[in-house]
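Subject: Salt bridges in the model

Hi,

Here is the structure we talked about.

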Amino acid sequence: MAISFSLAIHAAGLLTAYTLYGLLQERIMRGSYGPNHERFTSSALLIIVNRLFSIATALAIIASRKDSGGSPSDLENQTGRTGKWRRLYPASPLFAYAAVALFNFLSTSAQYEALKYVSYTTQSLAKCAKMVPVLLVGSIVHKKAHKPNEWIAGAVLVLGCGTYLFSQPPRTSSHHSSASTGEGTSLEAFLGALCLSAYLFFDGLVSTTQERVFGKNPKVADPFGPDSPVLDQMIWTNIFAILIGLVTSIVGTATGNVTHDLYMLFTTPALVWDVCAFSAASAIGLAVLLNTIASFDALTASLIMTVRQFLSIVLNAGVYGNFSSVGIVGWVGVAWVASGVYIKMKRIELPNPGAGKSPNPNAPPPPQRLSFRHVQQYTVPIALPLVLGVAFTFVYPAQPASEIAL
């Protein structure tokens, strides 16, 4: 009972923090502020504020901890410092933090910039679909063998993304003036795809670089304890991310955009509130996520974050009025992407007819047979979105484009 209650608290914290994060992310990058309805466009300034909140969260966690005393931990021996404030001293070479911070900054910038050209739904589906190039590269380049459910999941993801993209009409959104004339539609689609591709590319480099320079973090019961390097990496990586953001902002002052966005931050209370709430949700969500992985396991945390991803898609579409623009066919595509992620996460094994027996060790293993139940585990998540889409088509027939526009 206590474990179930603790899991419910962690799940509620993750869903709340990251759902708010998704809502505010789209509002900041696509909305307008002030009496003149001006738009905030500086990803660098947004990253700087975000990283400041992350550092403040890490410092608050350190301050809330009691100095355990006793023999020094491995990290304390590595840094040559003792006590809880040893986390303020880097345990790794500075270039390691700088490398991770650079790729993280580029990845986050591309993610924010993409929202200027594509919807949050499109961006979220692109995040889910990054499993497909990982499968292809792993199989072709690294000759890695993947399980059948991973290939089926990849195929369903491609089907879902393709269904969603081909269901979308030409953009007539008022977020961009050029879109209303139709002249900038192709350019915006290209820029949006370019930003999403850059996001996926640099996001992959973040994890690989982090593992290369830091190694795999040890699995510990307390992610913020003396034997965990999480807070050390959190502080110093974010410090370098802020420095990179400051350099980017200084260079950007030549165009005048950063100066205008900085003025908006100091003079627009609504924007300040959204940016601070957005940054706080990101920092708190990361802390809850790390604690969830340590308290339960990575699969449980991944399942909760997957539910959060699609909850954010639905909520963002409802809050910002994108339900009608996506359409029933588009939502079928979104549901297929969710089914692909479900198939990937669910461990579906072929039945072994020789289980429980003691066969001759020299005899070949008995062949695995594909049972109806096994097929059903694949067909249900694939067929369900299609069935629901057909049902909703009869219940809610499509409206003429003129009515939707009104």
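First, a definition: helices (H or I, at least four residues) and strands (E, at least two) are DSSP runs, numbered from the N terminus. This is a predicted model, so local features need pLDDT of at least 70, side-chain atom pairs count only at pLDDT 80 or more, and totals for chains, interfaces and linings use all residues. Residues are numbered from 1 along each chain as its sequence is written, and side-chain values use heavy atoms, with hydrogens and water left out.

I looked for salt bridges (a side-chain nitrogen of Lys or Arg within 4 Å of a carboxyl oxygen of Asp or Glu). That rule gives three salt bridges.

Start in helix H1 (residues 2–30), which holds both Arg30 and Glu26. The two are four residues apart, about one turn of the helix. Their side chains form a salt bridge at 3.7 Å, N to O. Both Glu26 and Arg30 are buried (under 20% relative accessible area; exposed is over 50%, partly exposed in between; 1.4 Å probe, protein chains only).

Next, Arg27 and Asp274. Their side chains make a salt bridge at 2.6 Å, N to O. Arg27 sits in helix H1 and Asp274 in helix H12 (residues 269–295), so this pair ties together parts 247 residues apart in sequence. Arg27 is partly exposed, at 33% relative accessible area. Asp274 is buried, at 6% relative accessibility.

Last, Lys116 and Glu113. Here the side-chain salt bridge is 2.9 Å, N to O. Lys116 counts as buried, with 11% relative accessibility.

Best wishes
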